[in-house]
Amino acid sequence: MTKSPRRPPAGLPDRDTLLAFLREAGSAEKTDIARHFGLKGGDRRALREMIRELEAEGKLGKRGRKGFSEAGALPPVGVADVVERDVDGELYVRLVEASPDAPRAILVADNDRPGPAPGLGDRVLAKFARGEDGWEARLIKKLDTETNRVLGVIRKSNKEVRVEPVDRRSKDVLLVPHAQAEGLRDGDLVLAAIERGEQRYGPKRGKILETIGREDDPRAASLIAIAAHNVPMGFSEKVQQEAQDQELPSLKGREDLRDLPLITIDPADARDHDDAVFAQRDEDPKNEGGWIVWVAIADVAAYVRPGTALDREAREKGNSTYFPDRVEPMLPEVLSNGLCSLKHGENRACLAVRMVFDKTGRKIGHRFVRGLMRSHASLSYEQAQAAIDGPEGGGGTDEVTGPIMEAILYPLWNAYRAMLKGREKRSPLAIESPERKVLMDPGGGIGSIQPRKSLEAHRLIEEMMIQANVCAAETLEQKRVPLLYRVHDAPSQEKLFNLGDFLQTIGKPWNKGEPATTKRFNKLLDETRDGEHAEVVNEVVLRTQMQAIYSPENVGHFGLNLDRYAHFTSPIRRYSDLIVHRGLIRGLGLGKDGLTDREISELPAIAEQVTMTERRSMAAERAAMDRYMAAFLSERVGATFNGRITGVTRFGLFIRLEETGADGLVPVSSLGGEYFHHDDRSHALVGERTGQRWTLGRTVEVRLVEATPVTGGLVFEMLSEPAPRDPNAPAARLGVRTRGRGGDGFPKRGAGRPGGPRPPRGGKPSGGLKGVRKGKRR
């Protein structure tokens with residue numbers, strides 16, 4: 001018990017008195033209750049019967065092995081996760097492993113306690129008490145949930161069992177007892193915890209928490225990334241059951257769109273189809289040469305309703321996470337690949353927008369409908385593009401695309417070419433960022449790594465999705481329904497000054513005082529596109545951009561050059577889009593499953609959550625790709641490659657290989673026998689004695705020295721010679737003095753390790769700037 005309530009007169013209490021006692025005490029065992037009320041003999045038996053009745057009625061709940069508390073009560077002290085932030089910035093916690101209907105508690109910070117304040121996702125130890133407005137959790141301490149865990153590989157010897165971390169940044173090699181490692185094999189992937197104690201010297205001690213898999217498993221890269229980045233896996237039984245219980249909604253309250261020849265265009269290996277499109281000429285004489293474009297999106301809100309277990313787990317996941325060999329979906333497969341997927345020839349619930357464009361690509365009107373549709377064809381990007389290109393372009397029609405060319409594909413392309421005029425006038429940021437795709441072989445290994453093709457079919461779908469997203473934001477603003485914007489802020493003044501400093505080193509003028517606009521960036525990119533500095537300028541402009549985030553406050557989308565923008569088109573795989581769908585349902589009166597008042601109050605917390613989960617997924621996907629690359633190249637150690645310097649740091653040069661796009665490090669300790677200064681203005685390492693330079697963007701030849709699949713690390717040896725001193729270069733802004741081969745080996749850590757620090761990717765935007773294929777985070 002937390003405290004001893006005043007003792008009442010002896011005798012069996014009535015039900016209300018018993019509940020009031022437990023409410024004040026927090027929890028108590030039967031013997032404590034009997035002692036408090038002075039019960040003996042028959043009264044104790046009557047008390048046990050009363051407790052059984054109250055428990056059966058749901059008014060009492062178990063607390064521990066023998067204790068009881070009022071239903072919905074929290075323990076005096078407990079471990080909880082910070083799960084929400086409200087509009088006023090207040091944090092709320094929920095008990096770890098609590099039932100879904102367990103109450104949340106507002107977190108009351110203790111300003112006298114040292115240490116950093118907790119934030120969303122943190123775990124805390126707290127005291128719980130009822131306040132005037134609900135439960136309060138008074139912070140005792142923030143718990144260290146991540147830094148004491150190590151994901152690693154078992155290494156066995158006669159003397160010891162070690163856990164070597166798979167994270168290239170970790171230095172914690174753990175020793176575990178032989179007894180704990182019984183049954184484990186050399187090469188097993190495990191999750192281990194660092195044992196806290198008085199040990200000061202030597203390797204840290206650890207204990208095995210769980211076995212993840214094998215390091216030689218072809219799927220190890222994805223499994224490691226999932227575990228290392230805490231990407232939620234699978235679904236609870238309750239969520240699976242809720243998903244199984246869903247049925248296709250009837251036509252009641254919906255517009256019948258089944259005769260509208262909507263089609264899906266997706267990657268060839270897509271299993272979930274979020275969106276379908278259709279275009280036709282506008283017959284209105286007032287809009288001569290104009291087009292009507294329909295975009296229909298899976299109506300996920302019809303199945304995933306606020307407050308359900310499905311909704312809670314979808315919010316926790318935030319989005320689907322994609323790996324070369326698997327997907328960790330936001331929704332169970334029965335929905336993501338079933339009822340919510342716009343499958344060819346099957347009736348599906350949808351939320352659709354009908355957009356009208358004039359011949360210059362300007363949108364002159366739109367309206368949303370909640371409907372029932374049927375996809376008339378399911379095409380891959382390659383099929384659609386080949387049909388449009390025809391025999392002259394190396395393509396042609398097939399048994400799928402042939403019958404729909406005249407009726408569907410030609411109108412879609414003609415509508416897109418009109419929309420393209422509006423896009424070109426808007427001038428979104430035109431950064432090029434080539435991507436690679438890992439192709440798996442039938443045995444689960446890596447078959448090849450190939451560049452992703454950028455087709456006009458990709459750009460067509462991208463532009464139609466962008467315009468649908470704009471319509472969603474405009475409609476919600478018009479209806480005064482709060483929403484989650486997809487915002488991408490303009491570059492900071494500091495980043496613009498750094499860009500200007502760099503451009504000065506290559507003789508390119510840049511007025512630092514002039515405001516940043518996409519047209520200005522595009523002009524710079526166009527002027528350098530065919531020159532020797534094209535790739536490095538593209539890279540530096542990319543790093544100048546801010547990251548796109550979700551927010552209930554609108555600052556516009558700089559990269560797309562749009563005043564208002566919201567994600568609407570992918571609710572199967574992004575929770576942000578589901579929130580926008582619910583907002584439209586509420587604002588347009590399209591049903592009773594729209595955005596709730598509580599969700600509106602929680603929009604800041606939801607925005608923070610889905611931004612966090614998106615970045616978590618991006619980090620996991622990137623880490624898995626690094627490991628796949630290292631595994632693919634591990635058999636080619638000693639081979640030479642052409643590459644480009646994509647990062648210059650004080651500890652070495654990051655190289656991206658032309659053949660595969662893999663990133664690796666040339667340690668500064670292998671560059672020669674003199675000191676190098678890191679000039680951050682010109683993104684160069686400059687030799688102190690000779691003035692020779694290694695500069696960002698330069699094409700070089702390297703030899704692969706090490707490839708470590710379990711960490712994703714590649715180490716190269718430089719074969720090219722440095723550039724000579726440049727007498728016309730601006731005065732260098734010298735940074736850290738670092739040493740090449742033959743010196744003191746600085747830096748002491750990281751430079752020569754397989755998979756040292758990653759190349760800088762600072763500020764890479766995630767909103768419409770990385771590519772045009774569907775599935776990107778526009």
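In helix 5 (residues 237–244), V239, E242 and A243 are buried, where buried denotes under 20% relative accessible area, exposed over 50% and partly exposed in between (1.4 Å probe, protein chains only). The structure is a predicted model, in which local features need pLDDT of at least 70, side-chain atom pairs count only at pLDDT 80 or more, and totals for chains, interfaces and linings use all residues. Residues are numbered from 1 along each chain as its sequence is written, and side-chain values use heavy atoms, with hydrogens and water left out. Helices (H or I, at least four residues) and strands (E, at least two) are DSSP runs, numbered from the N terminus.

The buried residues of helix 5 pack against helix 6 (309–317) and helix 7 (333–339), contact being defined by heavy atoms within 4.5 Å. The exposed residues E237 and Q244 are carried on the face of helix 5 that is turned away from its buried side.

Helix 10 (residues 456–478) comprises 23 residues and spans 33 Å from its first C-alpha to its last, close to the 33 Å expected at 1.5 Å a residue; the expected span is 1.5 Å times one less than the number of residues. Helix 10 is mostly covered, with 19 of its 23 residues buried. Just after helix 10, a positive phi of about 55° is found at R480.

Aromatic contacts were examined next. Rings of Phe, Tyr and Trp (its six-membered ring) pair if their centres lie within 6.5 Å; planes under 30 degrees apart count as stacked, over 60 as edge-to-face and the rest as tilted. By this rule there are five aromatic pairs. One of them is the edge-to-face pair of F21 and F37, at 5.6 Å centre to centre and 70° between the planes. Because F21 lies in helix 1 (residues 15–25) and F37 in helix 2 (residues 30–37), this pair ties together parts that are 16 residues apart in sequence. F21 is buried at 4% relative accessibility, and F37 is buried with a relative accessible area of 3%. The ring centres of F368 and F568 are 5.4 Å apart and their planes stand at 85°, so this pair is edge-to-face. It links distant parts of the chain, 200 residues apart: F368 is in strand 21 (residues 363–374), and F568 is in the loop between strand 26 (549–551) and helix 14 (575–587). Both F368 and F568 are buried. One aromatic cluster is formed by W510, F521 and F558.

Charges also lie over rings, the criterion being NZ of Lys or CZ of Arg within 6 Å of the ring centre and within 35 degrees of the ring normal. R104 lies over the face of Y92, 3.8 Å from the ring centre, and the charged end of K317 sits over the ring of F235, 4.4 Å from its centre.

A salt bridge is a side-chain nitrogen of Lys or Arg within 4 Å of a carboxyl oxygen of Asp or Glu; the count comes to 42 salt bridges. The side chains of R348 and E346 meet in one at 2.8 Å, N to O. R348 is buried at 7% relative accessibility, whereas E346 is partly exposed, with a relative accessible area of 36%. K508 forms a salt bridge with E527, the closest N and O atoms being 3.0 Å apart. Salt bridges that share partners join R155, E160, R162, E164, D186 and E215 into one network.
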